[in-house]
Amino acid sequence: MAGKIEIMETVLRDAHQCLVATRMRTEDMLPIGAALDDIGYWALETWGGATFDATLRFLKESPWERLRKLRAAMPKTRFQMLLRGQNVVGYHNYPDDVVQAFVTRASDNGIDVFRIFDAMNDVRNMKTAIEAGLKTGKLVEGTVCYTISPVHSADYFLSVAEKLADMGVQIICLKDMAGMLAPYAAYEIIKKIKSRIALPLHLHSHCTAGLAPMSYMMAIEAGVDILDTAIAPFSQGTSQPATEQLVAALKGTVHDTGLDLAKLGKIADYFYRVRRNYAEYESPVNNQVKTDVLTSQIPGGMLSNLVAQLRQQNAEDKLDAVLAEMPRVRQDLGYPPLVTPTSQIVGSQAALNVMTGKRYSVVAMETRNYVMGLYGEPPGPVSDEMKARVLGKKSPITCRPADLLKPGLDQARQDAASMAQSEEDVLTYALFPEIAKDYFLWRDSHQNTAKAVSYSQ
């Protein structure tokens, strides 16, 4: 059994991604920075995942500037980011030079822990990012994505963890992105990994199905070292268990976190007020225990965004039909774990199947690329119907997908030369060209306006 349990706080990244569609602004994070920095968390999750895209696309903020501002406001506490392996913070594979440069710049701007995963658990897609992370001298978490299917077992998850340990990661993370990890499954998997791999184990889960608090307690009994939680106002639902809940449960035991409930209470008071600013992004599913996630397997961060997308198309009434279609599409695709980008691939194809009224009458390009093997090797076999419809007489690739990509950084630097103001801008353009263009144009116009106002004064 583990001793003291360390806590990583997710309120600045995954918690608001799950509950308010990734819309929290930097201006609502900075005032509470000093209080968060004073708690003594093992780490704060501040960056990565969907926040990079969302800050540019929806908030017209620079994700790099956010990271620098947060780092200045919280100099003492480790910062963790979620990195999608070869997908970086995007939705498809990027060339190795882009991955390497991004990791280096993220480290330089304040990231201390890189949680690196691949949606397919294909370690080939994590190799470049892991090596780049280790080269920075920062901590690298090799991540195993948890899911339930006929082809996934405790031994399967152990085998992925062993491959990651062999690649030199300092921490193993078990990532239960959809909140499906049941208490006794958590115990079995964590016990097995801890008995074979002499590395700290970090567990990430969500409360979507109501299982996470119980699974966390069983994980502690099995020897877990670090747990992800969210301050109460941004906890539960599709987010993580409440930080205060776990701190109180372990107080006075050998697993005592050492965190101060009174200090956490003051932070909670602040975030209760902040959450009211984002009421328009709330979803009814945030306040429900949804055991049907055990069937749909949709991760918390995607669920609120899927609701928002269907609402924009006046099709929110189709949510249940889309959720029912997702496991069928997932089976056809060989049971990939549902996490970005596979959750979006399966979710988008399920939505197309429902909206058109005929399965696969329209096949998304991302679905075609998945079947071709451009996202990695599926855990199970892709259905013959899907192969025939998508590939015809072609065969999927067998190499590492990124081996097919030419270096991309110099081209991005050339294409963005008239817009980029920094190397971080070049990387932003390399990852999201169209979104970056829109953001750069917006930024330039606002900078010119600010200058004009300054001159007039």
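Contact, as the word is used in these legends, means heavy atoms within 4.5 Å. The model is predicted, so local features need pLDDT of at least 70 and side-chain atom pairs count only at pLDDT 80 or more, while totals for chains, interfaces and linings use all residues. Residues are numbered from 1 along each chain as its sequence is written, and side-chain values use heavy atoms, with hydrogens and water left out.

View 1. S205 is found in the loop between β7 (201-204) and α9 (212-222), where helices (H or I, at least four residues) and strands (E, at least two) are DSSP runs numbered from the N terminus. With a relative accessibility of 1%, S205 counts as buried; buried means under 20% relative accessible area, exposed means over 50%, and partly exposed lies in between, for a 1.4 Å probe and protein chains only. Leaving aside neighbours within four places in sequence, S205 is in contact with D176, G179, A212, Y216, S239, Q240 and P241. With one of these, D176, the side chain of S205 makes a polar contact of 2.6 Å. A polar contact is a pair of N or O atoms within 3.5 Å; within protein, one atom must be able to donate a hydrogen and the other to accept it, and residues adjacent in sequence count only if both atoms are side-chain atoms.

**View 2. The surroundings of E244.** E244 belongs to helix α10 (residues 243-250) and is buried, its relative accessible area being 15%. Not counting residues up to four places away in sequence, E244 touches A230, I231, A232, L261, L264 and A268. The backbone nitrogen of A232 lies 3.0 Å from a polar atom of the E244 side chain.

**View 3. Two salt bridges of D38.** A salt bridge is a side-chain nitrogen of Lys or Arg within 4 Å of a carboxyl oxygen of Asp or Glu, and the structure holds 30 of them. D38 forms one with K76, where the closest N and O atoms are 3.8 Å apart. Because D38 lies in the loop between α2 (33-37) and β2 (43-48), and K76 in the loop between α4 (63-73) and β3 (79-83), the pair ties together parts that are 38 residues apart in sequence. D38 is partly exposed at 36% relative accessibility, whereas K76 is exposed, with a relative accessible area of 60%. D38 forms a salt bridge with K263 as well, and here the closest N and O atoms are 3.1 Å apart. This pair links distant parts of the chain, since K263 sits in helix α11 (residues 261-275), 225 residues from D38. K263 counts as partly exposed, at 35% relative accessibility.

**View 4. A salt bridge between two helices.** The side chains of R413 and E423 meet in a salt bridge with an N to O distance of 2.4 Å. R413 lies in helix α18 (residues 409-415) and E423 in helix α19 (residues 423-431), so the pair ties together parts that are 10 residues apart in sequence. Both partners count as partly exposed, R413 at 32% relative accessibility and E423 at 24%.

**View 5. The largest nonpolar core.** A nonpolar core is a set of buried Ala, Val, Leu, Ile, Met, Phe, Trp, Tyr and Cys residues joined through side-chain atoms within 4.5 Å. The largest one has 129 residues, and those with the most contacts inside it are F102 and F271. Helix α7 (residues 154-166) gives the most to this core, with 7 residues. Among the residues that F271 touches, not counting those up to four places away in sequence, are V11, L12, M24, I32 and F234.

**View 6. Backbone features around α15.** Most residues other than glycine have a negative phi, and most peptide bonds are trans. The peptide bond from T340 to P341, however, is cis, with omega near 5°, and P341 is in the loop between α14 (319-332) and α15 (342-356). Y335 lies in the loop between α14 and α15, and has a positive phi of about 60° although it is not a glycine. Y360, in the loop between α15 and α16, also has a positive phi of about 60°. Y335 counts as buried at 18% relative accessibility, and Y360 counts as buried at 2%.
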